[in-house]
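Here is a short tour for anyone who likes to look at geometry before running anything. Please have the viewer open, and we can walk through it together.

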2 protein chains.
Amino acid sequence: MVSVNHIRGASGTILRNAQEAGRLTDGRAMTYCVGIWTRDGLVMASDSRTNAGHDQVNIARKMHTFVQPGERVFILLSSGSLSCTQSIITLLKRDFDQGKGLAQAPSLYDAARVIGEQVRRVSDMDRDALERDDFKFNVNLVLGGQVRGESPGLFIVYPQGNPLQASEDSPYLQIGETKYGRPILDRGIRFHRTTLEEAAKYALLSLDSTMRSNVTVGPPIDLLAYGVDEFEITRLRRFAASDPDLIKIGMRWEQALRQAVGRLPQIRFRARRPAEPSQLPAAETIELVEPGVSEPAGELQPQAKPPSS
Amino acid sequence: MVSVNHIRGASGTILRNAQEAGRLTDGRAMTYCVGIWTRDGLVMASDSRTNAGHDQVNIARKMHTFVQPGERVFILLSSGSLSCTQSIITLLKRDFDQGKGLAQAPSLYDAARVIGEQVRRVSDMDRDALERDDFKFNVNLVLGGQVRGESPGLFIVYPQGNPLQASEDSPYLQIGETKYGRPILDRGIRFHRTTLEEAAKYALLSLDSTMRSNVTVGPPIDLLAYGVDEFEITRLRRFAASDPDLIKIGMRWEQALRQAVGRLPQIRFRARRPAEPSQLPAAETIELVEPGVSEPAGELQPQAKPPSS
């Protein structure tokens, strides 16, 4: 598994259409969605980029909500072939509007099972035809929400339809291009301590890191916060690419990271002189020193050199 | 592609042996190595963990050096099946010690080609037998170094034996578990501006992020710095898991990240009251404000709530 950082230029890749994109990426979703569950509620965030040709990068909302005010709220994030996820959402909405399915699920677990049933239904309809032409059935969904009488919760529903629940020890779930945006979540999200405001900020930073390292993830960004027992969607914002707040938080984060690196202990080299008969122990050739500590006299310090090419 | 953050518990996974591990991970290397190329030289870093059973996590040096003092220096980082990479290194060393192969390559490009030939030779010897039992031939190598008369350079050699060179725009190359450690490199490494000391620090941070998010990457960490025209290995350090400097930089980075997040603009929610007839525009329900800005009176602010579960 090699990642060469030329991928930033991948926006120039020629993909014939959205299905072809799915084949070329071996089913890897060009999407990033994250759900964060804390004792105060949920933060859900998703990108909106779909690739359907290098001259046809489209926008598709990957966040879908199902609300019975005062009774139940479900927020669904989707990754995978847009054709398949659209079908699943369409079927879920049709049932919901008729008072069935998600409208009747007695718990969030049952809601996850209702969603899994629709995943399997669409899989039954489309999977054989897709696989015959080497496409994968690659739908993954994150479900956050609350049914009256329960606490909020967070699930992932896999392409096979089976659900997995987030836990206090693992209070967030991601789908799509998950790795770039994960280190910041690993460090920042604590079920019992992180406020919804902090979780929303971490979600934006996680998306920012992902967008920076993978061009197939991009704005607009949908960000939603749900507080315990609200049973209503009251805080939802779409950040366009040109949104000054989105640009600001990305730039400020870049600056803050560089400053943070600068304040860490510095690396100091003590090169052995090649001719030196008694070699320094290796451990002493690379040291950590606090910033601002002056260098001892007499050490061989590397000099910045002009480029020699 | 779903990443569930339960993977931190993956050290408990039962793998029969190292080959079986390769099959279970579908050829994904349980390794992280990075080479950074700047105008001042090279920084190379690698982890040392190999999984050969959950009760048999072994240490293998993934950094190999070939030096003719004053003439040529090659640093090779390896990922993939230890059986295959060992064979390749053994064959390269044997030739080198006899004054052939890497000892004679007239340029770093030719050295990358010499390595590619050995990759193909081991592939010819072992690939069919491996694939018959569903193992992948998954050797990836990073080559950094310098041949007198040239500038230093950095290559990747793929499992097929073909080389790819780092460029000033893409001055680092990674192999193995590359994604967790990439965002920090994307932000910090600039060919013309980053010093070797800074590059060494970024390499440690990149490894720290990777080790935190993937238990199959782990210490000891080998870190090497090579300055332009040194033609000798003078700065090399192995950080054990218990190394106070390694622990310190990990802890300090965690603290610094949290502080950096805290100094970013804060998220502020303005919840719409569910009964409110005229809805706020969605964009105004989630705002960014500078830290320390007081909240306007009369806004509905979310309260921290006790856990309701």
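How many aromatic pairs does a search of the whole structure find over all chains? The count is 6, and like everything below it comes from a predicted model. One of these pairs is formed by B:F66 and B:F96, with an edge-to-face arrangement, 5.5 Å centre to centre and 80° between the planes. B:F66 sits in strand β6 (residues 63-68) of chain B and B:F96 in helix α2 (residues 82-97) of chain B, so this pair ties together parts that lie 30 residues apart in sequence.

Next, let us turn to a place where the two chains meet. Two packed helices are described by the angle between their axes and the distance between the axes. Helix α6 (residues 244-263) of chain A and helix α5 (residues 196-213) of chain B have axes that come within 11 Å and cross at roughly 105°. Angles of 65 to 115 degrees count as roughly perpendicular, which is why α6(A) is described as roughly perpendicular to α5(B). On the α6(A) side, the residues in contact are A:R258, A:V261 and A:G262, and they meet B:K201, B:Y202 and B:L205 in α5(B). Sorted by class, this contact has 3 nonpolar, 1 polar and 2 charged residues.

What about empty space? Rolling a probe the size of a water molecule over the atoms shows where it is left. The structure holds 3 cavities of 30 Å³ or more, and the largest cavity has a volume of about 170 Å³. Its lining is made of 14 residues, and A:P183, A:I184, A:S209, B:P183 and B:I184 lie nearest the centre. Both chains take part: α4 (182-188) and α6 of chain A, together with α4 (182-188) and α6 (244-263) of chain B, are the elements that give two or more residues to this lining. By class, the lining of the largest cavity divides into 10 nonpolar, 2 polar and 2 charged residues.

Finally, a look at the backbone. Most residues other than glycine have a negative phi, and most peptide bonds are trans.

| Cis peptide bond | Omega |
|---|---|
| A:P219 to A:P220 | about 0° |
| B:P219 to B:P220 | near 0° |

A:P220 is found in the loop between α5 (196-213) and β12 (221-227) of chain A, and B:P220 lies in the loop between α5 and β12 (221-227) of chain B. A:D134 is not a glycine, yet it has a positive phi of about 70°. You will find A:D134 in the loop between α3 (108-132) and β8 (140-147) of chain A.

Technical notes. Residues numbered from 1 in each chain as written. Chains lettered and ligands numbered in written order. Predicted model: local features only at pLDDT ≥ 70, side-chain atom pairs only at ≥ 80, totals over all residues. Heavy atoms only, no water. Axes fitted to C-alpha atoms, helices over the stretch in contact; angles between N-to-C directions. Helix = DSSP H or I, 4+ residues; strand = E, 2+ residues; numbered from the N terminus. Parallel < 35°, antiparallel > 145°, perpendicular 65-115°, else oblique. Contact = heavy atoms within 4.5 Å. Nonpolar A, V, L, I, M, F, W, Y, C, P; charged D, E, K, R; others polar. 1 Å grid on protein atoms, 1.4 Å probe; cavity = no way out; pocket = protein on both sides within 12 Å on 5 of 7 lines; lining within 4 Å. Points joined across faces, edges and corners; volume = space filled by probe spheres on them. Phe/Tyr/Trp six-rings, centres within 6.5 Å; stacked < 30°, edge-to-face > 60°.
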